[in-house]
Amino acid sequence: MQALAFVDLETTGASASKDRITEIGIVLVDADGVREWNQLVHPQTRIPLFIEQLTGISNQMVAEMPSFAQVAGEVAELLEGRLFIAHNARFDYGFLKNEFSRVGITFRPQVLCTVKLSRALYPHFHRHNLDSLIERHGLQAMDRHRALADAQLIHQFWTQARAQFSEDAVDAIVQRLVGRSSLPSNIDPLLIHDLPEAPGVYLFYGENELPLYIGKSVNIRNRVLAHFGADHKNNKEMSLAQQLRRIDWIETAGELGALLLEARLIKEKTPVHNQRLRRKNALCAWQLQQQGEQLKPVLSWAGELDFGAQDNLYGLYHSLRDAQKALRGVAEQHGLCLSVLGLEKTAVGKPCFGYQIKKCRGACVGKEAPLAHAARVLMSMQKLKLAVWPYPGAIGVREGEELHVIDRWCYLGTAKNEAEIAELLQAGVPAFDRDTYMLLSKSLKKAEVVVLPGALEMVG
């Protein structure tokens, strides 16, 4: 069986960098059974009165006790190779990590938080603090807010959970929550407990300030861990794991905010491992122009177009090749004439190749009336048609307590109040972006939209 250490600390306050440990309680579980270890610690600073009243540990009680430096070696030996289990593990692990660091000991165990374990095992309950677990599971609290007593409570909860659920079910949840086995070696395991289970964007960094990769998710923590759970199967993930030195993230109000922010940041920072969304080269679109009785697609480039305002635009492409490939696909699907469309050069009155293989109705040789072919071109291109911006000006798309400010299919930014909205509007409209347009053209159909600036009073 895996060796376990159920740990609880009492401290002089809540800041792991400023406050100090006053008591350590550990319940050790392994193949040899269960044993306990408890030690009061001199914090080398005064214990505030309200902490004395909460824990019952006074300045007098610790006056003759050893400092953490004096017991650090013993604590490190007790915890070595064990799964570190604590309630709100970020707190206990953070304090021990800082205390060990002060004496030159690197502390990087596998860490399991029983708050998260309780949420995973009992999702139908709303509260998962230690007092709630005591009441809900009938745990026996001997001396609440003392280190060893609280460590014993965590051990009791673990024992009950293992008895109530199958071993495989608990192990699977523990492995997912711990995540340490798949994390890159350069990433601090404390990060597991910092990563939010919320929507947003995450950024992977190597040795410098240019990100290696930018991604988005409705659950940042799960998505980040998923990258490295598969690193042995995927060359890209393996490369990321080897280069990774730091992970940052930006939470958003919801999925739309994450999608918009991801598209923007990738364009701005051009991370090496993002390929599809990195593209910033010029856009082009087809315009249907009347030439005699025929309707012909003519390719126009971004400098000649006003995306979002023009009605006669079809498709968005990054190259002539992509545009012609898409148009050829439409022609083949609907039996249009490649010669009339300008995709094939033939002499006047001569059949195109499509007509010879019976995939063209003969507009090239007068077998199909020009107006009939023009009508079919118009109908066939409808699926490619770009939507004209349907509002008189900028809008806000509400998501949670925020508004995503959009104008002519361009994302200006996200605001929380009237002043921030005004600042975004004054900055002007950025360059039209294909990925943002594709995202918004779908999302706005079901979004809560506020027309700006006349609706500024609705925000704040």
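User: Before we start, what should I know about the model and its numbering?

Analyst: The model is predicted, so local features need pLDDT of at least 70 and side-chain atom pairs count only at pLDDT 80 or more, while totals for chains, interfaces and linings use all residues. Residues are numbered from 1 along each chain as its sequence is written, and side-chain values use heavy atoms, with hydrogens and water left out.

User: Thanks! How are two packed helices described?

Analyst: Two packed helices are described by the angle between their axes and the distance between the axes. Axes are lines fitted to C-alpha atoms, for helices over the stretch in contact, and angles run from 0 to 180 degrees between N-to-C directions. Helices (H or I, at least four residues) and strands (E, at least two) are DSSP runs, numbered from the N terminus. Take helix α7 (residues 147-164) and helix α8 (residues 167-178): their axes come within 7 Å and cross at roughly 130 degrees. That makes α7 oblique to α8. As for the cut-offs, angles under 35 degrees count as roughly parallel, over 145 as roughly antiparallel, 65 to 115 as roughly perpendicular and the rest as oblique.

User: Which residues of α7 and α8 make the contact?

Analyst: From α7 they are W158, A161 and R162, and from α8 they are E167, V170, D171 and V174; contact means heavy atoms within 4.5 Å. Sorted by class, this contact has four nonpolar, no polar and three charged residues. Here Ala, Val, Leu, Ile, Met, Phe, Trp, Tyr, Cys and Pro count as nonpolar, Asp, Glu, Lys and Arg as charged, and the others, Gly among them, as polar.

User: At what angle do α12 and α18 pack?

Analyst: Helix α12 (residues 255-269) and helix α18 (residues 434-443) pack at about 170 degrees, with their axes 10 Å apart. The two are therefore roughly antiparallel to each other. On the α12 side the contact uses L256, L259, L260, A263 and K267, and on the α18 side D435, T436, L439, L440 and S443. By class, there are six nonpolar, two polar and two charged residues in this contact.

User: What are the bridge partners of V397?

Analyst: In β13 the partner of V397 is H404, and in β15 it is V449. Strand β12 (residues 395-399) runs antiparallel to β13 (residues 402-407), joined by five bridges, and antiparallel to β15 (residues 448-451), joined by four. β12 and β13 form a hairpin with two residues between them, and G400 in the turn has a positive phi of about 65 degrees. Four of the five residues of β12 are buried, where buried means under 20% relative accessible area, exposed over 50%, and partly exposed in between (1.4 Å probe, protein chains only).

User: Is R82 buried or exposed?

Analyst: R82 counts as buried, at 10% relative accessibility. R82 lies in the loop between α3 (68-79) and β4 (83-86). Its side chain is joined to that of D30 by a polar contact of 2.7 Å. A polar contact is a pair of N or O atoms within 3.5 Å; within protein, one must be able to donate a hydrogen and the other to accept it, and residues adjacent in sequence count only if both atoms are side-chain atoms.

Notes
Two strands pair if DSSP finds at least two bridges between them.
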